Amino acid sequence: MNRLTDISTIRDIMSRHGFSFSKGLGQNFLINPSVCPKIAELGNAAPGFGIIEIGTGIGVLTRELALRADKVTAVEIDTRLMPVLDETLAGFDNIHIINADVMKTDLKKVIEEDFAGLECAVCANLPYYITSPVIMYLLEERLPIKTITVMVQKEAAVRLCAPPGTRECGAVSYAVKYYAEPEILFDVSRGSFMPSPNVDSCVIRLNIRSAPPVKVKDEKRLFGIIRGAFSQRRKTLANSLTSIGISKQETYRALEQAGLPGSIRPEQMTFDDFGRITDYLTEVNDA
Ligand code: SAM
């Protein structure tokens with residue numbers, strides 16, 4: 001079935017299957033026909049690739065991915081959509097649907113089992129309520145993937161892709177930048193969805209790095225410090241880090257060692273700066 005962006009087709013499918021949208025599951029389905037082919041093409045859906053999709057809805061993006069990639073494995077939490085997908089994706093022999101919560105799915109195992117011999121990428125129109133947790137899960141698992149191409153709310157896109165040292169950046173921007181090179185690909189208006197959300201969206205692509213931009217002795221401590229630093233972003237770094245049990249004196253000493261002013265604010269710190277502070281605190285605390 002190839003008219004899955006057509007409103008009357010969607011209404012017909014919904015009424016025949018007794019399906020209604022769940023706001024709680026972030027169900028805003030794409031009805032703009034130009035968006036899914038673009039996500040698929042920019043998201044590496046191509047021969048030689050296996051694609052993981054998160055959240056199929058009625059299968060509008062799944063279909064475009066399966067037309068281009070060797071294999072698509074899609075994780076969808078809503079059991080009510082399973083009979084719908086049986087109908088809308090009938091005829092494809094390269095789609096595997098997993099009815100589960102993506103946050104509880106072992107994607108490493110899925111990749112091993114489904115994508116042997118293939119390169120791998122993730123594509124999705126993400127449910128807005130778990131955008132950052134899903135992205136962090138995909139990154140922190142260090143999956144063998146090339147890119148993550150996802151639709152997210154516009155403000156989330158700006159935050160996720162903000163370069164360190166800018167006003168928009170927060171702990172999540174540093175985390176993304178640690179694992180990937182992020183880029184904003186294109187905007188998608190709220191009218192492209194059914195039902196239409198209150199905000200516009202953006203498609204972003206995270207190009208996974210082969211090595212992190214900064215090498216530290218204790219990666220966990222680096223992220224703890226970054227999260228602590230941005231927990232109170234209007235304060236100086238020395239003040240913010242007291243929230244994670246690092247005294248102001250300790251931070252001043254670390255800053256001095258790194259040649260940075262004691263009055264520095266978190267958003268003025270580069271990745272290297274956080275790296276040097278982290279290594280100093282690791283050495284002092286583990287000595
Ligand atoms: N891909 C479809 C489209 O573009 O029209 C649907 C996108 S809709 C924004 C998000 C989809 O993610 C919904 O189908 C929803 O049921 C599903 N979803 C929500 N939470 C999920 C979770 N934790 N794990 C897997 N799928 C989830």
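## Helix α8

In this predicted model, the buried residues of helix α8 are Val 172, Ser 173, Tyr 174, Ala 175, Val 176, Lys 177, Tyr 178 and Tyr 179. The helix spans residues 171-179. Eight of its nine residues are buried, so α8 is mostly covered, buried meaning under 20% relative accessible area.

What lies over these residues? Their cover includes the helices α6, α7 (154-161), α9 and α12, along with the strands β7 and β9.

## Helix α6

Helix α6, one of the elements covering α8, runs from residue 131 to residue 140. This helix is mostly covered too, with seven of ten residues buried. The buried set is Thr 131, Val 134, Ile 135, Met 136, Tyr 137, Leu 138 and Leu 139.

Just past the end of α6 comes Arg 142. Its phi is positive, at about 50°.

## Helices α11 and α12

Two packed helices are described by the angle between their axes and the distance between the axes. For α11 (residues 248-257) and α12 (residues 271-286), the angle is about 125° and the axes lie 9 Å apart. The two helices are therefore oblique to each other. The crossing of α11 past α12 is right-handed.

Which residues make the contact? From α11 come Glu 250, Arg 253, Ala 254, Leu 255 and Gln 257. From α12 come Ile 277, Tyr 280, Leu 281 and Asn 285. Five of the contact residues are nonpolar, two are polar and two are charged.

## Helices α2 and α3

Helix α2 covers residues 35-42, and helix α3 covers residues 60-68. Their axes come within 9 Å and cross at roughly 45°. That angle makes α2 oblique to α3. Here, α2 passes α3 in a right-handed crossing.

On the α2 side, the contact uses Cys 36, Pro 37, Ile 39, Ala 40 and Glu 41. On the α3 side, it uses Val 60, Leu 61, Glu 64, Leu 65 and Arg 68. By class, seven of these residues are nonpolar, none is polar and three are charged.

## Salt bridges

How many salt bridges does the structure hold? The count is 16. One of them joins Arg 3 to Asp 6, with the closest N and O atoms 3.0 Å apart. Asp 6 is partly exposed, at 22% relative accessible area.

Another joins Arg 16 to Asp 12, with a closest N to O distance of 3.2 Å. Both residues sit in helix α1 (residues 7-17). Because they are four residues apart in that helix, about one helical turn separates them. Arg 16 is partly exposed at 46% relative accessibility, and Asp 12 is partly exposed at 36%.

## A bridge between distant parts of the chain

Glu 181 forms a salt bridge with Arg 209, and their closest N and O atoms are 3.4 Å apart. This pair connects distant parts of the chain, the two residues being 28 apart. Glu 181 belongs to strand β7 (residues 180-188). Arg 209 lies in the loop between β9 (201-208) and α9 (219-230). The elements β7, β9 and α9 are also among those covering the buried residues of α8.

Technical notes. Residues numbered from 1 in each chain as written. Predicted model: local features only at pLDDT ≥ 70, side-chain atom pairs only at ≥ 80, totals over all residues. Heavy atoms only, no water. Salt bridge = Lys/Arg side-chain N within 4 Å of Asp/Glu carboxyl O. Buried < 20%, exposed > 50% of the residue type's maximum accessible area, 1.4 Å probe, protein only. Axes fitted to C-alpha atoms, helices over the stretch in contact; angles between N-to-C directions. Parallel < 35°, antiparallel > 145°, perpendicular 65-115°, else oblique. Left-handed = near helix turned anticlockwise from the far one by under 90°. Contact = heavy atoms within 4.5 Å. Nonpolar A, V, L, I, M, F, W, Y, C, P; charged D, E, K, R; others polar.
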